[in-house]
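Subject: The two-chain model

Hi,

Here is the structure I promised to pass on to you. Please have it open while you read, as my notes follow directly below it.

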Protein chains: 2
Amino acid sequence: MKLYSYFRSSASYRVRIALNLKGLSYDYAAVHLLRGGGEQLTPEYRRVAPDGIVPALVDGDLVLRQSLAIIEYLEETHPHPPLLPGTPGERAYVRAIALQIACEIHPLDNLRVLKYLKHELGVTDEAKDAWYRHWVENGFHVLESMLAGDPRTGKFVYGDTPTMADLALIPQVFNALRFQVDMQPYPTIQRIYDEAMRHDAFVRAAPEQQPDAQ
Amino acid sequence: MKLYSYFRSSASYRVRIALNLKGLSYDYAAVHLLRGGGEQLTPEYRRVAPDGIVPALVDGDLVLRQSLAIIEYLEETHPHPPLLPGTPGERAYVRAIALQIACEIHPLDNLRVLKYLKHELGVTDEAKDAWYRHWVENGFHVLESMLAGDPRTGKFVYGDTPTMADLALIPQVFNALRFQVDMQPYPTIQRIYDEAMRHDAFVRAAPEQQPDAQ
């Protein structure tokens, strides 16, 4: 398999964790999201992934896009260890938390959106940072209150082993820390992050461990 | 089952289509996203869905959140007719298109984001509308080029029957039309929308058919 990835991309980071947890080796193809206006927008990359978005995972003849769809694919083709629980209701719980991060927080704070705010709407750096923090903090506030009160929360989001929910959560926390979000109001999320930072599959997937890290 | 829904909510609309396609009946609980500052933010609704987001689907003891997680749940518990194809690679294709809409287009154009632009960043109505169109048009441009050139595209996104991808696409088109996005550059998307508008499950799920329609 070959993963097109950018070291700091949260969505790429999710898939790197999944591949590591499943024990799957892969070739790493770096796509620099800033260099030369963004290598993801070049004709070369668009021949792989016409949407110009990382990550993309190539598995034989298949080109897989969208991190959560890639993770579902890996779950179906390499079921062990499972990244989703055993019953439809519990799977829905884990998927909902992954989507809560992937649909409600991450899309508002990614690079192309921050660029639009700055260049098209002309907002100040201060207002751009406030925008970033607003969506992360709102999202983490809701998630913290849910996780803190749910008996399913263990060392990880669901029980004591990682699931798809952690694959979405950990990169979002990494991203928030880089933007100096104060994590003190989110002790459950912080605790899960600390747990993941002791787990080999998460450590090896971290941005600073990638070949294209700067 | 009981669906907490707002007639114009794209995410609610996705789940209504799924329920109709699966032939499942449900009670409709209207949650008005604007009235009184938003009924989704009241303590009453937060007791159902702590994230204050519609839709939520109650099935017995389970409270299900996040439209795509709900749809996966319905697919697992009521497999016929299927909303995903039979092989992992083809399922990944359909899921990726659903996520491309749910993660790359919809989150940037929903109500709370447009509100933040206006009230917190003080952008003009003109700039707000340009923001809306930018993300829809960029997203549709990429999707049109992908669908127009893919042999899997049929009457619907994948073949001649609806899949999860159509459940994401059709509400996004409805939303774009409401904001007067010119659909002329996206003939494949428009054709699929026209097809859906002749399909009973989509027609009955449309915003104007809901008990809370205005």
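First, some housekeeping. This is a predicted model, in which local features need pLDDT of at least 70, side-chain atom pairs count only at pLDDT 80 or more, and totals for chains, interfaces and linings use all residues. Residues are numbered from 1 along each chain as its sequence is written, while chains are lettered from A and ligands numbered from 1 in the order in which they are written.

**How the chains meet**

The contact draws 34 residues from chain A and 34 residues from chain B; residues are in contact if their C-beta atoms, placed from the backbone, lie within 7 Å. On the side of chain A that touches chain B, the elements giving two or more residues are β4 (62-65), α3 (67-77), α4 (88-104), α5 (111-119) and α6 (125-148) of chain A. Here helices (H or I, at least four residues) and strands (E, at least two) are DSSP runs, numbered from the N terminus. The most comes from α4(A), with 10 residues. Sorted by class, that side of chain A has 22 nonpolar, 6 polar and 6 charged residues (nonpolar: Ala, Val, Leu, Ile, Met, Phe, Trp, Tyr, Cys and Pro; charged: Asp, Glu, Lys and Arg; polar: the others, Gly among them). Of the interface residues of chain A, 100% are also interface residues in chain B, so the copies meet through the same surface.

**The sheets**

In chain B, 4 strands form an open sheet with mixed pairing, in the order β2-β1-β3-β4; strands pair if DSSP finds at least two bridges between them. At the edges stand β2 (27-30) and β4 (62-65) of chain B, each with a single partner strand, so one side of each has no neighbour in the sheet. Neighbouring strands are turned by 20 degrees against each other on average, direction ignored. Strand β3 (residues 56-59) of chain B pairs with β4(B) in the antiparallel sense over 4 bridges, and B:Val58 has B:Val63 as its bridge partner in β4(B).

Chain A has an open, mixed sheet of 4 strands in the order β2-β1-β3-β4. There, A:Leu57 has A:Leu64 in β4(A) as its bridge partner.

**Two helix pairs in chain B**

Helices α5 (residues 111-119) and α6 (residues 125-148) of chain B pack at about 145 degrees, with their axes 10 Å apart. Axes are lines fitted to C-alpha atoms, for helices over the stretch in contact, and angles run from 0 to 180 degrees between N-to-C directions. B:Leu114, B:Leu117 and B:Lys118 of α5(B) meet B:Lys128, B:Trp131 and B:Tyr132 of α6(B). This contact has 4 nonpolar, no polar and 2 charged residues.

Helices α7 (residues 164-178) and α8 (residues 187-196) of chain B pack at about 100 degrees, again with axes 10 Å apart. That makes α7(B) roughly perpendicular to α8(B), a term for angles of 65 to 115 degrees. From α7(B), B:Asp166, B:Leu169, B:Ile170 and B:Val173 meet B:Ile189, B:Ile192, B:Tyr193 and B:Ala196 of α8(B). The residues here divide into 7 nonpolar, no polar and 1 charged.

Best wishes

Methods
Contact = placed C-beta atoms within 7 Å. Parallel < 35°, antiparallel > 145°, perpendicular 65-115°, else oblique.
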